Amino acid sequence: ATGTVRLDLTGRCLAAAAGEPADGTPAEAGPCTGTRAQDWTYVQDNTLRIGWPAALTGAGSTPTQGIDRGMHYAVDMINSAAKPGTRKIELVTRDTQGDPTKAVNAVQEMLGSQKVHVIWGPANSGESLAVTPIIARRKLAHLQTGAADAIIDVKKYPLPEIGALSK
């Protein structure tokens with residue numbers, strides 16, 4: 001199947017960063033333009049699996065619980081508005097309890113048996129510092145929710161390729 005990958009309800013879409021469609025091209029989010037750079041071919045099943053390692057219980061879980069409700073709401077809205085034959089989104093959530101070790105275990109499960117295409121989060125920097133090198137080594141798309149210098153260093157962690165999508 002081919003088509004546009006909408007990332008949220010505000011009109012942002014996934015596009016080839018260089019604008020040139022080719023396997024392994026880094027991707028970026030931007031306005032939905034309908035250009036060739038946003039025309040993706042799905043090479044696995046027709047479900048986009050997004051990994052969401054989240055501190056749903058434990059210290060610091062209150063803000064993450066709100067983010068979690070919003071993410072599930074957005075996925076439900078996107079899936080319910082999808083036309084027949086359109087790719088659905090599945091949110092693969094694991095409770096990390098705010099513990100970096102549990103975040104690493106959750107991400108390794110997501111990358112292994114769950115076969116997620118993208119990781120969103122975790123929402124706190126301690127967990128992000130632990131999982132970012134693992135995700136970067138796999139060259140999987142990683143949507144960071146934090147902005148600590150150590151986890152957004154593009155020299156240390158270059159823009160990932162999108163392994164589940166190809167041009």
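## Lys139 and helix α3

Lys139 follows α3 and has a positive phi, near 55 degrees. Helices here are DSSP runs of H or I with at least four residues, strands are runs of E with at least two, and both are numbered from the N terminus. This is a predicted model: local features need pLDDT of at least 70, side-chain atom pairs count only at pLDDT 80 or more, and totals for chains, interfaces and linings use all residues. Residues are numbered from 1 along each chain as its sequence is written, and side-chain values use heavy atoms, with hydrogens and water left out.

Helix α3 covers residues 125–138, which is 14 residues. From its first C-alpha to its last, α3 reaches 20 Å, close to the 20 Å expected at 1.5 Å a residue. The expected span is 1.5 Å times one less than the number of residues. Yet α3 has a kink of about 35 degrees at Val131, shortly before Pro133. The bend at a residue is the angle between axes fitted to the seven residues ending there and the seven starting there.

At the start of α3, a side-chain oxygen of Asn124 comes within 3.2 Å of the backbone nitrogen of Gly126. A polar contact is a pair of N or O atoms within 3.5 Å; within protein, one must be able to donate a hydrogen and the other to accept it, and residues adjacent in sequence count only if both atoms are side-chain atoms. In the loop between β7 and α3 sits Pro122. The peptide bond from Gly121 to Pro122 is cis, with omega near 5 degrees.

The buried residues of α3 are Glu127, Ser128, Val131, Thr132, Ile134 and Ile135. Buried means under 20% relative accessible area, exposed means over 50%, and partly exposed lies in between (1.4 Å probe, protein chains only). Their cover includes α2, β7 and β8. Contact means heavy atoms within 4.5 Å.

## The parallel sheet

An open sheet of 4 strands has the order β6-β5-β7-β8, with parallel pairing. Its edge strands are β6 and β8 (141–143), each pairing on one side only. On average, neighbouring strands of this sheet are turned by 25 degrees against each other, direction ignored. Helix α1 (residues 61–81) packs on the sheet and touches β5, β6 and β7. The direction of α1 makes about 160 degrees with that of β6. Axes are lines fitted to C-alpha atoms, for helices over the stretch in contact, and angles run from 0 to 180 degrees between N-to-C directions.

Two strands pair if DSSP finds at least two bridges between them. Strands β5 and β6 run parallel and are joined by 8 bridges. Ile50 has Leu91 as its bridge partner in β6. On the β7 side, 2 bridges join β5 (residues 47–54) to β7 (residues 118–120), again parallel. There, Gly51 has Ile119 as its bridge partner.

## Strand β5 and Trp52

How many of the 8 residues of β5 are buried? The count is 7, so β5 is largely enclosed by the rest of the structure. Trp52 lies in this strand and is buried, with a relative accessible area of 0%.

Trp52 and Thr93 are 41 residues apart along the chain, but their C-alpha atoms are separated by 4.7 Å. Leaving aside neighbours within four places in sequence, Trp52 contacts residues including Thr64, Ile67, Asp68, Met71, Met110 and Trp120.

## Loops around α2

Thr96 lies in the loop between β6 (88–95) and α2 (100–111). Thr96 is buried, at 0% relative accessible area. A polar atom of the Thr96 side chain lies 3.3 Å from the backbone nitrogen of Ala55. Not counting residues up to four places away in sequence, Thr96 also touches Pro53, Lys102 and Glu127, among others.

Gln97 belongs to that loop between β6 and α2. Gln97 has a positive phi of about 60 degrees although it is not a glycine, and it is partly exposed at 37% relative accessible area. Lys115 sits in the loop between α2 and β7. Its phi is positive too, about 50 degrees, although Lys115 is not a glycine. Lys115 counts as exposed, at 52% relative accessibility.

## Whole chain

The protein has 3 helices and 9 strands. From the N terminus on, the elements run β-β-β-β-β-α-β-α-β-α-β-β. Buried residues make up 38% of the 167 residues. Among contacts between residues at least 6 apart in sequence, 58% join residues at least 24 apart.
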